[in-house]
Amino acid sequence: MESYKGIADDIITAAKDRLEALVDETMRFENRTYSSKGSRILLAFVRAAAQELDKSFDQETKIVDEGLLFPKEIDDRLHRLIFLIPWLHLLVGFIEGSDIHHAPGQLIQPLRRYVGSVIEKSDIIVCAKSELNYSIQELAKTIRSLSEIVPELKSSASQLPEYLFIITIPSVESSDILIHGVVAHELGHALYNRHGLGAIIFPDINLREDLIKDLVPIVSTLQDPDSARSEVGLRRDLTETVAKRVTKWLKELGADAIGVHLFGPALFFSAIQVLTTLDHIDQCSETHPPLKLRIKVMSRILKENYPIEKWPTALKRLLADWDEVGEMPIALGALVDNVTFECLNIGRNLDVINSATQGILNDNLRYDAEKHASDVERLVPLLLSLIPCGETGQLGMTKSIELPSIINAGWYVYLCEFEKFRSQLYEIDRKSRSASKRKLHELILKSLEISEIRLAWLEMANDS
Amino acid sequence: MILSADRVRQLLDSPPLKIEDRLVISPVLDPKNQLKAGSASIDIRLGQRFYVPLRAKISRLDRLSDDHDSNLERYKDETFVPIGDHFVLHPRQFVLGESLEWIRLPGNLLAYVIGRSTWGRDGLVIATAIAVHPYFAGVLTLELSNIGEIPVYLYPGSSIAQLIFTSVESGSTALPPVPSVFQMQTGPNRRGSDIEDAAILKRFRKKLK
């Protein structure tokens with residue numbers, strides 16, 4: 001086994017080089033500014049983890065030198081550590097994207113506060129990436145479970161908050177503050193998982209054994225005769241596939257519903273902007289229902305919770321148009337998708353989704369018709385007069401305005417009063433629609449900055 | 001007539017019903033200290049964004065040249081310094097900063113931006129273009145320069161300048177709210193590149209060649 005010892009030494013040397021490069025990279029990132037404390041915590045974790053792994057490889061060298069292990073055993077031991085290296089690289093990518101120059105600081109600070117109010121003991125890292133994608137993932141739990149397998153990670157993992165969410169936004173659109181309303185959908189995912197909503201909603205879904213049964217002969221004819229499954233086995237497989245798909249689609253629809261309860265109409269408007277320019281409206285996948293279905297759920301929840309008939313014509317028309325689209329038949333490709341769609345039967349199950357998702361939020365967190373009407377009345381006139389709407393009230397007694405209210409006021413101006421807003425701007429900013437829109441985004445970003453500073457200042461002043 | 005701090009407080013406290021007639025300064029984080037009794041100004045704070053000129057990327061600033069606007073884009077590096085952190089301004093360095101406060105003036109007020117003497121004694125010059133005209137809406141761009149001998153730490157959120165308000169008397173008709181080039185200034189700004197009479201000056205230059 002002498003020859004394999006040489007190979008093992010080479011592998012260890014290469015891995016140690018990689019880890020050293022990682023530590024160097026974390027040093028380089030140390031001098032950058034991040035808007036979230038989470039980035040620094042993660043940076044410290046990556047560095048500590050890389051250093052610990054480096055030490056562990058020294059230990060492995062000694063074990064290999066003893067010559068007592070078979071090649072397979074050596075490989076298994078080394079792989080236990082090596083598989084973490086690409087993962088640490090991934091974490092470094094998140095840290096890099098969360099540099100304050102990539103992700104707008106004015107947005108992230110109030111967003112951090114908001115997420116903290118929705119999910120206690122949490123922190124976020126907002127990472128701007130070049131991909132056209134919004135996503136959320138919780139890291140602390142993953143790191144903690146990994147540290148059970150790899151004890152080298154344990155001490156650095158203990159520094160992490162209970163929940164550390166990585167929220168990715170597209171870097172090209174990082175300043176387009178209004179469409180970041182879709183973050184409410186991503187938060188919906190976090191809440192859906194945390195409250196185990198899948199287990200609450202799923203029992204109300206009829207899995208439509210009748211439709212699955214009808215599928216069996218069709219799928220059966222498509223099988224390779226040599227390895228064909230029995231009818232019973234096929235039916236079991238199909239039931240499992242449909243159940244998995246229903247669970248995943250429900251998760252998306254549930255996150256949309258929570259998003260509407262958190263951010264109100266703003267989630268609907270931003271989701272339309274983001275999603276309609278991403279995929280075909282009928283396209284679905286194993287994990288995502290078709291956009292048409294998602295829009296249907298969101299618009300129905302809005303209609304049930306908001307006095308749409310009192311809204312201005314522009315909003316009423318927008319909602320009515322999308323409502324009509326939601327009613328159109330969906331051209332689903334695969335047969336399982338059709339069955340999944342029938343199982344979900346939104347017409348029947350919407351109330352279940354609506355009440356389950358609404359039930360997990362307290363009154364303070366829930367954005368509702370009353371708040372929306374008040375925001376339109378108080379905040380929209382400010383934006384139209386080129387005044388940020390980050391605070392209201394008398395001097396010395398001003399109150400900070402919450403993130404969902406600011407975003408909703410911004411959407412209202414954009415959809416209903418944009419020309420009035422434009423008319424206030426200087427000719428260069430009126431020249432094109434996008435130039436005017438940029439100014440609106442900047443005004444909203446300033447509103448968010450003022451709202452956050454007002455609260456943070458008070459906290460610091462009282463924290464003697 | 002210059003407005004006393006007390007009068008400014010009144011205007012902020014009991015604003016006119018019509019939004020366009022209001023004086024807006026937002027946020028005023030510590031009204032008692034920013035509007036000191038007996039003074040005739042309001043203190044304003046340093047904001048979180050800076051434009052730092054990149055000398056290595058540009059050969060000149062020539063407001064008569066056709067590529068001036070595109071030059072300006074290459075000229076700056078935008079830096080965000082959150083409250084709690086600092087920006088080091090070195091001797092002879094020039095950067096653009098912003099006020100933390102959003103200012104909106106009604107048609108009957110004009111304001112002057114003046115540096116605070118505390119900072120001036122450290123070598124910091126805060127603004128050179130100091131007049132803020134009626135109907136201005138935005139953050140103030142602060143032209144920050146260290147004319148001292150040693151580096152100065154700038155802290156976003158600290159009181160760095162003061163605004164002095166004076167009333168504006170209109171002629172036969174009230175000033176109309178015409179949006180200016182500095183309207184909706186949402187960060188440190190180098191805008192306003194068109195110099196007056198540029199076309200005439202260019203003709204002069206052509207004649208000399």
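## Two chains, piece by piece

Chain A has 22 helices and five strands, where helices (H or I, at least four residues) and strands (E, at least two) are DSSP runs numbered from the N terminus. This is a predicted model, in which local features need pLDDT of at least 70 and side-chain atom pairs count only at pLDDT 80 or more, while totals for chains, interfaces and linings use all residues. Residues are numbered from 1 along each chain as its sequence is written, and chains are lettered from A and ligands numbered from 1 in the order in which they are written.

The C-alpha trace of chain A spans about 80 × 70 × 40 Å along its principal axes. Of its 464 residues, 40% count as buried; a residue is buried if 20 or more other C-beta atoms lie within 10 Å of its own, exposed if 12 or fewer, and partly exposed in between, with C-beta atoms placed from the backbone. Two residues are in contact if their C-beta atoms, placed from the backbone, lie within 7 Å. Among contacts in chain A between residues at least 6 apart in sequence, 81% join residues at least 24 apart.

**The sheet of chain A.** Three strands make an open sheet in the order β1-β3-β2 (chain A), with mixed pairing; two strands pair if DSSP finds at least two bridges between them. At the edges are β1 and β2 (135–138) of chain A, each pairing on one side only. On average, neighbouring strands of this sheet are turned by 20° against each other, direction ignored. Axes here are lines fitted to C-alpha atoms, for helices over the stretch in contact, and angles run from 0 to 180 degrees between N-to-C directions. β2(A) is joined by four bridges to the antiparallel strand β3 (residues 163–170) of chain A, where T168(A) is the bridge partner of S135(A). Helix α8 (residues 183–194) of chain A packs on the sheet and touches β2 and β3 of chain A, its direction making about 30° with that of β2(A). Helix α2 (residues 37–65) of chain A lies across β1 and β3 of chain A and runs at about 90° to β1(A).

**A helix pair.** Two packed helices are described by the angle between their axes and the distance between the axes. Helix α12 (residues 265–276) and helix α13 (residues 291–305) of chain A have axes that come within 10 Å and cross at roughly 165°. By class, the contact of α12(A) with α13(A) has nine nonpolar, two polar and no charged residues. Ala, Val, Leu, Ile, Met, Phe, Trp, Tyr, Cys and Pro count as nonpolar, Asp, Glu, Lys and Arg as charged, and the others, Gly among them, as polar.

**Where the chains meet.** On chain A, 28 residues are in contact with 26 residues of chain B. Helix α22 (residues 433–462) of chain A gives the most to the side of chain A that touches chain B, with eight residues. That side divides into 12 nonpolar, 10 polar and six charged residues.

**Strands of chain B.** Four strands form an open antiparallel sheet in the order β2-β12-β7-β9 (chain B). β2 (42–45) and β9 (131–132) of chain B stand at the edges with a single partner strand each, so one side of each is left without a neighbour in the sheet. Elsewhere, eight of the 10 residues of strand β10 (residues 137–146) of chain B are buried, so β10(B) is largely enclosed by the rest of the structure.

| Strand pair | Bridges | Partner residues |
|---|---|---|
| β7(B) and β12(B) | seven | I114(B) and Q162(B) |
| β8(B) and β10(B) | two | V125(B) and S145(B) |

**Backbone details.** Most residues other than glycine have a negative phi, and most peptide bonds are trans. K121(A) has a positive phi of about 55° and, with 9 C-beta neighbours inside 10 Å, counts as exposed. L386(A) has a phi near 60° and counts as buried, with 24 such neighbours. In chain B, a cis peptide bond joins S26(B) and P27(B), with omega about 0°.
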